[in-house]
Amino acid sequence: MQTARPYREAVTAVIAGELDHYTAAQIRRQLDTLLEDTSIVHLVLDLENLTFMDSSGIGVLLGRLKLLAARGGSLSVKNMQPSVEKLFRLSGLDRLIGIQTGKMGGRA
């Protein structure tokens with residue numbers, strides 16, 4: 001995970017590489033450390049350089065969604081690679097987590 005870029009109460013975090021059984025715990029810890037700041041209620045994950053995600057990654061996303069929802073906040077993603085987007089939609093995450101699209105290269 002790369003350095004997060006804060007914007008008001010929203011933060012964008014860049015996740016690159018793979019989000020799988022081997023990396024999920026590390027990425028979970030990094031996101032949880034970021035979210036210790038309770039003023040952050042909206043988290044955007046930039047997944048442009050995420051090449052692979054499995055069910056462990058889905059668990060990481062759902063856990064952060066639950067935490068943010070308890071604050072009245074939200075989780076969204078942008079710039080997904082086609083393979084990650086396919087898993088996202090097949091798993092039903094697209095019904096729970098917002099997908100940002102537009103000029104930033106996001107895909108719908």
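Select R89 and E85 to begin: these two side chains form a salt bridge, with the closest N and O atoms 3.1 Å apart, where a salt bridge is a side-chain nitrogen of Lys or Arg within 4 Å of a carboxyl oxygen of Asp or Glu. This is a predicted model, in which local features need pLDDT of at least 70 and side-chain atom pairs count only at pLDDT 80 or more, while totals for chains, interfaces and linings use all residues. Residues are numbered from 1 along each chain as its sequence is written, and side-chain values use heavy atoms, with hydrogens and water left out.

Both R89 and E85 belong to helix α3 (residues 82-90), where they sit four residues apart, about one turn of the helix; helices here are DSSP runs of H or I with at least four residues, numbered from the N terminus. E85 is buried at 10% relative accessibility, whereas R89 is partly exposed at 33% (buried means under 20% relative accessible area, exposed over 50%, partly exposed in between, with a 1.4 Å probe and protein chains only).

D94 is partly exposed, at 27% relative accessibility, and salt bridges with shared partners join E85, R89 and D94 into one network.

Next, select R64 and D32, whose salt bridge has its closest N and O atoms 2.6 Å apart. R64 lies in helix α2 (residues 55-70) and D32 in helix α1 (residues 24-34), so the pair ties together parts that are 32 residues apart in sequence. R64 is buried, with a relative accessible area of 8%, while D32 is partly exposed at 26%.

Definitions and conventions:
Helices (H or I, at least four residues) and strands (E, at least two) are DSSP runs, numbered from the N terminus.
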